[in-house]
Structures are given as C-alpha cells and as structure tokens.
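Thanks for coming, everyone. Have a look at the model on the screen, and I'll talk you through some of its charged pairs and one of its helices.

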Amino acid sequence: MFEKLKQRWNVNGLQLTIVILTFATGGSLTGYVGKKLMGLLPISNGVLWTIIYIIVITIIWPVIILAVSVLTGQFRFFLNYVHKIGVRLRLIKPGIDKMKDTKDLKRIAIFASGAGSNAQKIINHFRNSDSVNIALIACNKPGAGVLNIADKENIPVLRIEKEKFFRGNAYTDELKQQNIDWIILAGFLWKIPELLIRSFPQKIINIHPALLPNYGGKGMYGQKVHEAVLANKEEESGITIHYVDNLYDHGKIIFQAKCPVLHNDTAESLAQRIHGLEHQHFPLIIEQLVTYK
Ligand code: GRF
C-alpha cells in the first residue's frame with residue numbers, strides 16, 4: 001500500500017512519512033478548531049449541529065492543512081493536493097498548471113503507442129514538479145494502454161492519424177499551439193517527419209531498448225530487438241537515449257546504460273530487465289535535459 005502511495009504521489013519514504021504526519025496533524029487540528037468554533041454558536045448538539053459542524057470542518061480543513069504543511073515543508077505538495085480536490089469537486093478551475101505555465105514551466109508531449117509503462121514512470125516523476133509539466137500524450141494506436149494512462153492521469157490526448165502525420169503538417173501546428181517545448185518518444189514506432197524535427201530542433205528524444213548503433217534501424221523494435229541480441233549470443237545489452245534525426249535510431253546519443261544478457265534469457269526475460277533500466281533512467285535523463293538545456 002505504501003509503495004503504491006509513494007508512486008502515486010511521487011515521493012520517497014521520508015517524504016511520505018512527513019506527508020502522513022501532516023495529514024494526521026491537520027486532521028486533528030481541524031477537529032479541534034471546528035469544535036471551538038461550534039462552541040461560539042448558540043446551538044446544542046443535534047442534527048443541525050452535526051450538519052453545520054461538517055460544513056465548518058470542510059471549509060477550514062484546506063486552510064489548516066496548508067498552514068501545517070508550511071511548517072512541515074510540504075506546502076507545494078499540499079497546494080497541489082487541495083487544488084486537485086477543488087478541481088474534482090468543480091469548486092475551482094484547473095488554474096494552477098496555467099499559473100505555472102506562465103513561468104518557466106517546460107511542457108512535454110509524450111509520444112507513445114504501446115502499454116505506456118515508460119510514460120507512466122515519466123508522469124510519476126514529474127507529478128509535483130514545478131519546472132516540468134507533462135502536457136500531452138500523443139498516440140497513433142486506438143486502444144493502446146497509454147491512452148488509459150492519459151485518461152486516469154487527466155492528461156489531454158492528441159490522436160495522430162497517418163495521413164496528416166506524414167503528408168500533412170505532422171501536427172506541428174497543434175503542438176506549437178499547445179506550447180510544447182519537448183517531445184519524448186516512449187514507444188512510438190513511426191518515423192518522425194522532417195517537418196516536425198525541424199520545428200523542434202534538438203528537442204525530440206527517443207529511448208531504444210538496446211545499445212545503439214547496434215540493433216537499431218527500421219523494423220528493430222520490441223521483442224525483435226531482444227531476439228536479435230540473443231541470436232547473436234551477446235553478453236550484454238542495454239538502453240540508449242538519443243536525439244531524433246531523419247534516420248531511424250540514429251541521432252546523437254545522450255545516454256546509455258548496460259545490463260548483462262544471461263545464458264538462460266528469453267526475449268521476455270531480457271525485455272523485462274531492459275524495461276527496469278528504462279524506468280530507472282529515462283525520467284532522470286529527461287529531467288536533466290529539460291531543466292538544464
Ligand atoms: C520501450 O522498450 C522503449 O525502449 C521502446 O518501446 C518500449 C515502450 O514500452 N522504444 P512501454 O510502452 O513504455 O512499456
């Protein structure tokens with residue numbers, strides 16, 4: 001349960017403990033202050049008292065929890081938390097992100113057409129970020145798992161159609177209109193059209209599940225990569241994060257990490273190990289690039 005909370009809120013163990021303590025302290029204080037305020041009213045215990053008490057604590061809880069969070073150093077977390085509840089209850093408009101956007105917030109579009117496990121890790125990593133916003137998920141495959149993630153995470157989806165992508169404007173206008181700064185390919189199999197590459201120079205990066213320049217190029221994706229690595233009896237494989245240029249899996253390499261290939265590996269077991277490496281490194285490399293470039 002705690003692991004799930006850590007992932008959901010994108011916090012480490014220490015921060016999770018502080019957040020839970022903040023909730024507990026804020027909750028107790030809310031009850032205490034609520035009762036004191038009720039003591040000022042000329043009403044005795046009963047149904048009306050209970051209704052008013054619930055209204056009072058609902059109103060004062062956000063104020064008290066935010067005040068406590070200042071003391072525990074978790075103001076940013078709780079501001080986001082309270083804001084999300086407000087948006088869900090339709091009490092406030094989704095404005096915090098817009099406020100951040102006007103500052104130096106870098107807006108990322110993730111292009112994906114598979115299960116989206118990398119997309120999910122990236123979203124988790126930047127959930128409470130005040131410098132990066134996962135603004136869009138672009139997807140060309142109806143029914144792809146990543147679309148469920150976008151839905152669950154409330155992230156707008158840009159549906160990519162072949163004709164428009166390759167023979168139209170490659171969705172450049174739509175991405176520019178959304179003020180996208182970076183495009184992250186996380187399991188997007190189509191070649192990126194030149195128009196899009198020129199519109200986002202050195203701002204499109206891809207992750208490949210092998211050590212490029214080996215095992216890349218047209219048709220080298222998914223299990224095929226791992227099958228080829230196993231067929232050649234390689235002793236190690238890994239991941240490559242690179243800029244996207246006009247050729248498949250070819251642009252300048254930004255980062256690589258290696259892992260062993262075991263003698264009893266199958267394409268599936270190797271894929272799992274590689275996915276682990278991707279999840280560990282991709283969000284951090286994106287953060288370094290996007291925040292410092
Ligand atoms: C990853 O292995 C990535 O290297 C490749 O596509 C896969 C996407 O996996 N480009 P997921 O959809 O993120 O789980």
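Glu 194 and Arg 198 sit four residues apart, about one turn, in helix H10 (residues 194-199); helices here are DSSP runs of H or I with at least four residues, numbered from the N terminus. An α-helix has 3.6 residues a turn, so residues three or four places apart point the same way. The two form a salt bridge, with their closest N and O atoms 3.9 Å apart; the criterion is a side-chain nitrogen of Lys or Arg within 4 Å of a carboxyl oxygen of Asp or Glu. Glu 194 is partly exposed at 45% relative accessibility, while Arg 198 is exposed at 60% (buried is under 20% relative accessible area, exposed over 50%, partly exposed in between, with a 1.4 Å probe and protein chains only).

A quick word on the basis: this is a predicted model, where local features need pLDDT of at least 70, side-chain atom pairs count only at 80 or more, and totals for chains, interfaces and linings use all residues. Residues are numbered from 1 along each chain as its sequence is written, and side-chain values use heavy atoms, leaving out hydrogens and water.

How many salt bridges does a search of the whole structure find? Seven. One of them joins Lys 164 and Glu 174, at 2.4 Å between the closest N and O atoms. Lys 164 belongs to H8 and Glu 174 to H9, so this pair ties together parts 10 residues apart in sequence.

Then there is Asp 265 with Arg 273, at 2.7 Å. Here Asp 265 is buried, at 10%, and Arg 273 is partly exposed, at 25%.

Note on methods: Helix = DSSP H or I, 4+ residues; strand = E, 2+ residues; numbered from the N terminus.
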